[in-house]
Amino acid sequence: MIDRRDFLKIGAATTATAACPAFIDAMELQLGGQDFHQIRTYHARQRKPYLCTMCSYFDGGFTYAEAGEVMKTEGNPDHIATRGKFCSKGLASFFGASDPDRILNPLKRVGERGAGKWKEITWEEAIKEVSEKVSVNLDDADSIYLNEGGFKDGGAIRFMHTIGSHSIIRSRLQGIGTAPKQMALKQMTGVNFILPDLEHTKYVLNFGANIMETALPLAQRLTDGIVNNRLKLVTFDVRMSNTAGRSDEWLPVFPGSDGIIALAMANVILQNGLANTDFISYWTNYSLEELTKDLAKFTPEMAEEASGVPAKTIVNIAIEFAKSKPAAVFSHNGLSWHKDGIDSEKACLLLAAITGNIDNEGGNCLPRQFNIAEPQPAPESTENATKTMHYSFPFEVKDGKRNVQVLFNHMSNPAYSAPAASLWREMLKDEKKIPYIVDFSPFMSETAELADIILPDVVDVERDNIASSPTALWPWMTMTIPNIEPLGKAQDVRMTMKKIVEAIDPTGDKGMKQYWAFSNTKQWVKDEIKATEGTDKKTYKRLKSKGVWPNYGKIDPADRKILDKKGNPVLAKYATYKEEGFATSSGKMEFDSLSWTKNPRHQDLKESEFVLTTFKVAYQTLSLTSNLKYISEMYHSNPLWLNGNVAKKLGIRDDSLVRVTSEVGFLVTKAFLTQGIHPQVVGISTSVGRSAYGRVAQADPHAHMPFAKKEQEDPDIDDNLWWRDAGTNPNDIIPLAIDPASGVQTWNDTVVTISPAEAGDKYGDIKVDNAKHFAIYKQSLT
């Protein structure tokens, strides 16, 4: 609330700034923590480096703290990748530290799982209980499971290696990009990421990537390319995303048809003599003759039939792309989350290869990054090179195929975010199938609700951290030095795991304790830097001072280029593969086979049947952002995107209630009618539709938070949380559909029927039959 005196202060401040525009430039808009609050007394701010881990791009910036509280985050202007910018999630991330709904003490369940009855216990009690559960199962260490969802190892994986358990399952792969994309790149190039040099290119083919909303460093470079190079952006996507809407051409394609379009374009390029024959001959395992022969069957007409994009358009774009020098290709979820996603990813990269746009200025560049090493000595890895994804885990538990005695859950919320989430909840409630569950969530997530004990981790701004990501043409690393102490008794998971190991192996006789000899998480980070190739004795000190290392120069505000100390542009090095070849067995790009097949589930759709696509938005990253009040105020509702012409035939009006029905059940939500989606596709975003996590996430200021402390209360939530629409979670009605080649869920292949809501239906209703979920899983095994 604001009183008259404060209102007058605001009025005076507004008048002053209107009279002196330069004052606005000097204080309100400049980086470096110089902005101010018009009412509150200004205190000196302490600046410290900050590594944002709200996504895998790991943007680098700073936190600014006053009197023990973080007041602001911002991008690091000297950072070679972020160049002083942060996305909305990074800018709001610090609010998690003061969130009144945080769990600040270890909690132990005292009622039935999911009943919401907890008691606070001490860390000593918690460590004793968990270490005893682990110790009694060490003879069968593989009965101890970890469900890992972090973008990088926060210590939980090292713990599993330490105790000798192979039972690590993941909700995501570490690094940038989907599992199919990483696998395809690894097979072809020996690396798991390719960076499009968007800043210097003339032409971009975009297959299913929403760069403008979900990839800030790339969005900056793409914007620079549009403004400075007048690059042409062509997007193939089922939906008019923010990126599609800012493209020169948007081609609404039938789901999963991107691969055949790319192969047809490659065929056109070769048939018209536009390929870079030297690159094909010297740097791929395909001869020109073999490649021409294998591509001949993928005709533009075949691609038109599969995708709906006219053959003439495919031919024109292919020729235009091949003639543009340089050009780049980028793809992401819209391409990968389909059956045979690996093949489609390979087809897209083939376009870059045959035109010679590999590791050249303006092309698709090999990654430049530091491979952050583990603190030494490190335990031997117990995980297979091919990571096991967690999608089928609850089905295999229910089917008796997994013996689980202890389940650790770290930075993952499958009871909300996994396909068939309702079956996850069923299994997590079953104490016979999973006798003991440990969760590290700092919030009461849908999965943490079903744990036996919660050991609350710190939040992003409280965590000592170090990372590198291949988001620039120069390698860099960024770190976090916490600007505040962890709130309450929250504890970094690395320290928690250290204490559990020390309780299991107090004398070191079991050989475990040696791997956890660091004194604190600051020392852990120092040991990581020391073990990382390419660093030196001054690296930590420079990181501490500048927030990023190496420091390549300053940004020229005129054209946003990086300038060295002499004022000259810092130039990137290209064609790095010519030095030692590609990181494959042959030293060349390796293409094993070129193929594309239509998903049989998508054939002969009825008038009321659609392919359901899920998508991300700029403001949310699943559980990491859902309780951040300013983020959720901007985005908290996820209506169903439905083509307006189709909706008219179905008798559906804009904003009316609709039923979305899959093989396993239905949900009820509101319709958003638009021409910006393929007529055979419906779309719904993820990250909202919460039943737990906090009052903001649930859009309910009166939701019961029994563990919250009165001194943590936020009047802003109590009085100003104006919205009551928390959205609808689609994951309960999405059945398991694992792609055999990649082992991941084909998120965007679900077929649903759409109809007006029926009598008695209410907004947010979700009804599923887990027996049907399980039957689909069993059918997939035959």
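**Entry 1: a helix pair**

I began with α5 and α20, and found that α5 passes α20 in a right-handed crossing. I had to look that up: a crossing is right-handed if the near helix is turned clockwise from the far one by less than a right angle, and left-handed if anticlockwise. Before going on, I noted that this is a predicted model, where local features need pLDDT of at least 70 and side-chain atom pairs count only at pLDDT 80 or more, while totals for chains, interfaces and linings use all residues. Residues are numbered from 1 along each chain as its sequence is written, and side-chain values use heavy atoms, with hydrogens and water left out.

Two packed helices are described by the angle between their axes and the distance between the axes. The axes of α5 (residues 156–163) and α20 (residues 493–504) cross at roughly 15° and come within 9 Å. That makes α5 roughly parallel to α20. My cut-offs are under 35 degrees for roughly parallel, over 145 for roughly antiparallel, 65 to 115 for roughly perpendicular, and oblique for the rest. The axes are lines fitted to C-alpha atoms, for helices over the stretch in contact, and angles run from 0 to 180 degrees between N-to-C directions.

Which residues meet here? On the α5 side I listed Ala156, Phe159 and Thr162, and on the α20 side Met497, Ile500 and Val501. Contact means heavy atoms within 4.5 Å. By class, this contact of α5 with α20 has 5 nonpolar, 1 polar and no charged residues. For the classes, Ala, Val, Leu, Ile, Met, Phe, Trp, Tyr, Cys and Pro count as nonpolar, Asp, Glu, Lys and Arg as charged, and the others, Gly among them, as polar.

**Entry 2: another helix pair**

Next I looked at α19 (residues 421–429) and α27 (residues 770–780), which pack at an angle of about 100° with their axes 9 Å apart. α19 and α27 are therefore roughly perpendicular to each other. I found Ser422, Leu423 and Glu426 of α19 in contact with the α27 group of Asn770, His773 and Phe774. The residues in this contact of α19 with α27 divide into 2 nonpolar, 3 polar and 1 charged.

**Entry 3: Ser331**

Is Ser331 buried or exposed? Ser331 counts as buried, because its relative accessibility is 3%. Buried means under 20% relative accessible area, exposed over 50%, and partly exposed in between (1.4 Å probe, protein chains only). Ser331 lies in strand β12 (residues 328–331).

Its side chain makes polar contacts with the side chains of Lys181 (3.0 Å) and Glu345 (2.5 Å). A polar contact is a pair of N or O atoms within 3.5 Å; within protein, one must be able to donate a hydrogen and the other to accept it, and residues adjacent in sequence count only if both atoms are side-chain atoms. Not counting residues up to four places away in sequence, Ser331 touches Lys181, Phe207, Ala209, Glu345 and Cys348.

**Entry 4: Trp722**

I found Trp722 in the loop between α26 and β27 (751–756). Trp722 is exposed, with 53% relative accessible area. Leaving aside neighbours within four places in sequence, Trp722 is in contact with Glu633 and His636. The side chains of Trp722 and Glu633 make a polar contact (2.7 Å).

**Entry 5: Ala448**

Ala448 sits in the loop between β15 (436–439) and β16 (453–454). Ala448 counts as buried, at 0% relative accessibility. How far apart are the C-alpha atoms of Ala448 and Ala415? I got 8.8 Å for this pair, which is 33 residues apart along the chain.

Most residues other than glycine have a negative phi, and most peptide bonds are trans. So I wrote down the exceptions I came across.

- The peptide bond from Gln376 to Pro377 is cis, with omega near 0°; Pro377 is in the loop between β13 (364–365) and α17 (393–398).
- The bond from Trp549 to Pro550 is also a cis peptide bond, with omega near -10°.
- Arg83 is not a glycine, yet has a positive phi of about 50°; Arg83 is buried, at 6% relative accessible area.
- Tyr693 has a positive phi near 95° and counts as buried at 9% relative accessibility.

Terms used. Helix = DSSP H or I, 4+ residues; strand = E, 2+ residues; numbered from the N terminus.
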